[in-house]
Amino acid sequence: MTKIKRRTFLKGAAALSASGALLHRFAGGTSAQAQEAATLTARSPLGISDDLFNPPEISSINGQLRTNIYMGFNKVILPSGPTILRNFNNSLPGPTLRINAGDTLELAFENRLPENRPDQPTEVNIPNHFNTTNLHYHGFHVSPKGNSDNVYLNIEPGEKFNYVVQVPRDHPAGSYWYHPHRHGSVSAQVAQGAAGMAIIAGALDDVPEIKEAVERVLVIQAPIPGVDGILDSEDPIWPLDAERDFLVNGEYKPRIYIREGEVQRWRILHAGDAQFFPFKIDGLEIYEIGRDGNPLPEARLVEEVHLSPGNRVDVLVKGATPGAYLLRRPFFDQGKQSLPPVHLANIFVIPANDSRVPPGTPFGREIPKGPLPDNPILVDITDAEITHRRKIVLGVEDVKGYFHDTLFTINDEPFDPKRDDVVSRLGAVEEWTLINKTPFPHPIHIHVNPFQVMSVNGVADPDKPWMDTIAVPAAGTVVFRTRFLDFDGRYVMHCHILPHEDTGMMINVNIEP
Amino acid sequence: MMKQLNLSLATSMVAAVLAGSVAPSVAVADDPQNTPIPAFGSQCLSCHGEDGRPELADVPIIAGQQPIYLANALRHYKSGERTGGQALVMQEMVKNLSDEQIVALSQWFGAQQ
């Protein structure tokens, strides 16, 4: 986990030479002390030294993943220079957690950050207390109460907290993630890279063509450093078009190797804080097989993959003719904001018998044909099941005295931790219409229960995909359906452009027993 | 992003002050093309653009549109006769407008060239 890869760091040269550049830590830290879990250090799935490493990984043993996770300062070198970030376990990104449905996550969490500065805002919707934190299990269908996926906790500097998250036996398999979720410091901490992938095994993993493929985990982040060291202001994060250097697994423009004829399975997480990340690889085939962890009906060849902050996508990438290819975000408009292209990584297709790849390394060659497996509990929600319909209106107001005189709202109200905005009961099945009054898209995420997307801007989605984060288009609408069957308690729905969340775009959902 | 939003509101508010009226007014000036949008319409500009020419690809250009057509469209959004998809966004935008305000906004956008 503390392995330091040695590679030349030279941002400009990397851009020109299309060679990867390492953003290594210059001070190693202690690794997570796994107690009842298996650990893997960061490594290349092909065993090539200058290949992109998968993040370090911690896996459950005998139904339990018991480990230490801590939030602390992590010294890194970003393309913009050396800095200190708030990260998990001195790792950018945090370690991947890999479990099975039915397992229990027992995370001994510790906040190792120093005390907050005394001059903190007291208004709840102004970013504040960047050293206070907690943990959210994004996409997990688990209890929101007590020491489970409870985002109302404030874990102060120096405090420890034991999370026990019981994952149901019928939990959908897929790619999920974890990150801090303390209102007021979410954007600052996630924007600095405090996030990691969480994998629940099954479903797609058992498809023969996917099972025999090399698996990569790609965590996309754009860490924002403080102006003069440690980030203590929201200002560098706030502008949507703030210059950002996108990293994959903490590396700037890394190399990713694929053998000629090989099909690799990539689990991709967009753990950035604000900018969307549509991407393509000119010259290589990309097949989408899952969104937000849930399988698509079948593997689909796509020109471009669309990710908003918080989304995950599972893809198969096929190595064609040997050569170099770019993984890039094209120029695009995020609502009214034009955003520049990003050169994220360099893909190298190498000969199938490249001697650097150890014998016995998996070598997938086929794209699965026919239907992909379902997650059994994610059954289509029919019209007849709906017990209630709601309208959720996303807005923004200029209000003096708030951060940049701005309040983001849902149903015309900024977040109030004391107010229950949605009250429902166990057993309810609801259809929500999200209406975006602003000229920018908002990726809306609801905790605990995934939803089935019915339509976007009034156009029905024939796949009716199950997701947990959906971009509501600028001046547009989304209709989704969701079931409140298993977990009572209070949790939140919010915009995953996290500066919007911290400045008001969040509501409380209270599911009564 | 915020800069643009704030600018839209600030521009309309300052213009309203210069025009001698901060309170919402339904009066339309003699030369609407060179008159700022009434304050109650400032929210229109964030999507439809300062001059009725939007920066969003799926938002209609309403600069120079026939005022009667615009007024009828706004009334139909308000009454719920135009519904579904992005019409739901317009329903939210016009729900608190009076008919006089609808007419004033329609004339203002219709006068933009």
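User: How much space lies in the largest pocket, and what makes it a pocket rather than a cavity?

Analyst: The largest pocket holds about 930 Å³. Among the 34 residues lining it, A:Phe276, A:His306, A:Leu307, A:Ala471 and A:Pro473 are the closest to its centre. The search uses a 1 Å grid over the protein atoms alone: a cavity is a set of points where a 1.4 Å probe fits but cannot get out, while a pocket is an open set with protein on both sides within 12 Å along at least five of seven lines, and lining residues have an atom within 4 Å of a point. Grid points are joined across faces, edges and corners, and the volume is the space filled by probe spheres set on them.

User: What should I keep in mind about the model and its numbering?

Analyst: This is a predicted model, so local features need pLDDT of at least 70 and side-chain atom pairs pLDDT 80 or more, while totals for chains, interfaces and linings use all residues. Residues count from 1 along each chain as written, chains are lettered from A and ligands numbered from 1 in the order written, and side-chain values use heavy atoms, without hydrogens or water.

User: How do you know where the largest pocket lies relative to the domains?

Analyst: Look at who supplies the lining. Domain 2 (219-350) and domain 3 (383-512) of chain A both contribute residues, so the pocket lies between them. Those bounds come from an automatic or database domain assignment. In chain A, β16 (285-291), β17 (294-302), β18 (312-318), β20 (332-334), β28 (451-456) and β31 (469-472) each give at least two lining residues. Strands here are DSSP runs of E, at least two residues long, and helices are runs of H or I, at least four long, numbered from the N terminus.

User: What kinds of residues line that pocket, and what goes into each class?

Analyst: Its lining splits into 17 nonpolar, 7 polar and 10 charged residues. Nonpolar covers Ala, Val, Leu, Ile, Met, Phe, Trp, Tyr, Cys and Pro; charged covers Asp, Glu, Lys and Arg; the others, Gly among them, are polar.

User: Which residues lie nearest the centre of the second largest pocket?

Analyst: That would be B:His48, B:Pro60, B:Ile62, B:Tyr77 and B:Met90, out of 30 lining residues. Helices α2 (42-48), α3 (67-79), α4 (87-94) and α5 (99-111) of chain B each give two or more residues to the lining. The pocket has about 560 Å³ of space, and its lining has 21 nonpolar, 6 polar and 3 charged residues.

User: What makes the A:Asn125 and A:His183 pair a polar contact?

Analyst: The term needs a pair of N or O atoms within 3.5 Å, where within protein one must be able to donate a hydrogen and the other to accept it, and residues adjacent in sequence count only if both atoms are side-chain atoms. The two side chains make their contact at 2.9 Å, so the distance passes. A polar atom of the A:Asn125 side chain also lies 2.8 Å from the backbone oxygen of A:Phe415.

User: Why is A:Lys464 put in its accessibility class?

Analyst: Its relative accessibility is 26%, so A:Lys464 counts as partly exposed. This residue, in the loop between β29 (459-460) and β30 (466-467) of chain A, has a positive phi of about 40° although it isn't a glycine. Most residues other than glycine have a negative phi.

User: How do you know that β13(A) and β22(A) pair?

Analyst: Two strands pair if DSSP finds at least two bridges between them. β13(A) and strand β22 (residues 342-350) have 5, in the parallel sense, so they qualify. A:Ile258 stands opposite A:Val349 in β22(A).

User: What makes β13 and β15 of chain A edge strands?

Analyst: They belong to an open sheet of 4 strands with mixed pairing, ordered β13-β22-β19-β15 (chain A). β13 (255-259) and β15 (280-281) each have a single partner strand, so one side of each has no neighbour in the sheet.

Methods. Buried < 20%, exposed > 50% of the residue type's maximum accessible area, 1.4 Å probe, protein only.
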